[in-house]
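Try each task yourself before you read the solution.

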Amino acid sequence: MSPSDPESGALRSLIEAEIARRGPIPFARFMELCLYHPRHGYYTRGLGGGGGRDYLTSSGVHEAFGILVARQAEEMWHRAGRPERFFFVEFGPGEGRFAADFLQAAGRSRGGFARALRYLLVEPSPVLQARQRARLQGRTLLPVEWVAEDAIERRKGFEGVIFANEVLDAFPVHRLVGTPEGPREVHVDHRDGRLVEVMAPPSSEAVGRFMAEAGVVLEDGQEADLNLAAPCWIAWAIGLLARGYLLVIDYGHEARELYHPARRRGTLLAYHRHRTSEAFLERPGEQDLTAHLDFTALQRAAEQAGGRCLGLTTQARFLLALGALDLLGDPVGAPGPGREGEAVDALRRHQEREALKDLVLPERMGDRFRVLVLGAGEVTRDLRGLSEPWTGNPGAVHAGPAAPGRGVDGTAGHEVA
Ligand SMILES: C[S@@+](CC[C@H](N)C(=O)[O-])C[C@H]1O[C@@H](n2cnc3c(N)ncnc32)[C@H](O)[C@@H]1O
């Protein structure tokens, strides 16, 4: 714990008091308190992405991200028969950068999309919500509204797109470890004045059910992080749509890769000031905690809720298919002597190109992030973002190469640098 952060100290005391009352708590409960405690939680306080404090998301890397998703949303509106009202519901908008870029691009579109669009933001943190409002203030004339999660429930049955970029990876995970006696779950205890990890039987039947459904069999000593909340969220979100699409962009893998014995240590990581660590119990509420998603579980949940998986691709393929290269700008030439202004411009253009390359190059964020497109109701899957980037042919359902996480080669989720 940093002695400079009284909020973290207060949260730590609350966690210790809960352990004193209940006994050791599942790690998922600890993570929930760290990230979402109504006063001291990391996201509640709006730490993290602000000014790129702990990590950067695609939304903060380059405006192309919002512009290209707007292009995809406009096509989805066309595919849905150009309804008069088309909702775009962004969950967890963070700093509001994506919304600003999306709305600016949508505002420039011709042909009725801007007239039909209703942009809703669902953000539980009041601090982040205030920042989103400030960022969008005066930036768009399109209808924008902040809606609480329970209020969106009352609007159930709308047509449109539900969007979540790097939201589900921040849901609390249950940490399971294989032992000869069967799986044990990491709990957090308070001993000798310190928070420590202890092993206990799985904390609920839901954990066992999830493992059985996902086919998770852990070898002795192998760890896995189980995100039970993400598939529940997917099923709930599919149920909100009368007809439309659910677009999830995040890091993760299919189950066979995620729970493979080669991945001995799971994928959970702590992020603090652009550094990753496995010191999960340090600085409660002051560092981000995040784990890779199980895309197989998300697809299964969508199908069980009556939805359909339309495609799972990489961010690189998705953005390139949507025309990322159109936004690359001219190559930067060297300016002549005594032309400092030109030099500054050239440098800026160079930085822009590098940022766009961060989004799409496979070895940067391009292959680490996946795009899952789910459909609800009667929708088609001939979407530009799912087409072959070079040919425009429809029908590419491609998950891209494996991107191993912690425990294999230490590849992290968020962008840290
Ligand atoms: C890592 S940030 C991602 C921010 C943003 N989407 C971006 O691209 O920069 C996670 C965001 O998800 C929000 N969040 C977490 N759980 C949520 C939930 N159940 N519903 C809506 N937002 C949620 C957090 O408050 C935060 O804004």
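**Exercise 1.** At what angle do helix α10 and helix α12 pack, and how far apart are their axes?

The model is predicted, so local features need pLDDT of at least 70 and side-chain atom pairs pLDDT 80 or more, while totals for chains, interfaces and linings use all residues. Residues are numbered from 1 along each chain as its sequence is written, and side-chain values use heavy atoms, leaving out hydrogens and water.

*Solution.* Start with the elements: α10 covers residues 229-240 and α12 covers residues 295-304 (helices are DSSP runs of H or I, at least four residues; strands are runs of E, at least two; both are numbered from the N terminus). Their angle is about 35°, and the axes are 8 Å apart (axes are lines fitted to C-alpha atoms, for helices over the stretch in contact, with angles from 0 to 180 degrees between N-to-C directions). Next, list who touches whom: α10 brings Ala230, Pro231, Ile234, Ala235 and Ile238, and α12 answers with Ala297, Leu298, Ala301 and Ala302 (contact means heavy atoms within 4.5 Å).

**Exercise 2.** Work out how the rings of phenylalanine 27 and phenylalanine 280 are arranged.

*Solution.* First the geometry: the centres are 6.1 Å apart and the planes stand at 70°, so this pair is edge-to-face (rings of Phe, Tyr and Trp, the latter by its six-membered ring, pair if their centres lie within 6.5 Å; planes under 30 degrees apart are stacked, over 60 edge-to-face, the rest tilted). Then the location: phenylalanine 27 is in helix α2 (residues 27-36) and phenylalanine 280 in the loop between β12 (275-277) and β13 (288-290), so the pair ties together parts 253 residues apart in sequence. Last, both phenylalanine 27 and phenylalanine 280 are buried (under 20% relative accessible area; exposed is over 50%, partly exposed in between, with a 1.4 Å probe and protein chains only).

**Exercise 3.** Now do the rings of phenylalanine 88 and tyrosine 119.

*Solution.* With centres 5.3 Å apart and planes at 25°, this pair is stacked. Phenylalanine 88 sits in strand β2 (residues 86-91) and tyrosine 119 in strand β3 (residues 117-122), so the pair links parts 31 residues apart in sequence. Both phenylalanine 88 and tyrosine 119 are buried.

**Exercise 4.** What is the strand order in the open sheet of 3 strands?

*Solution.* The order reads β12-β11-β13, with antiparallel pairing (two strands pair if DSSP finds at least two bridges between them). β12 and β13 are at the edges with a single partner strand each, so one side of each has no neighbour in the sheet.
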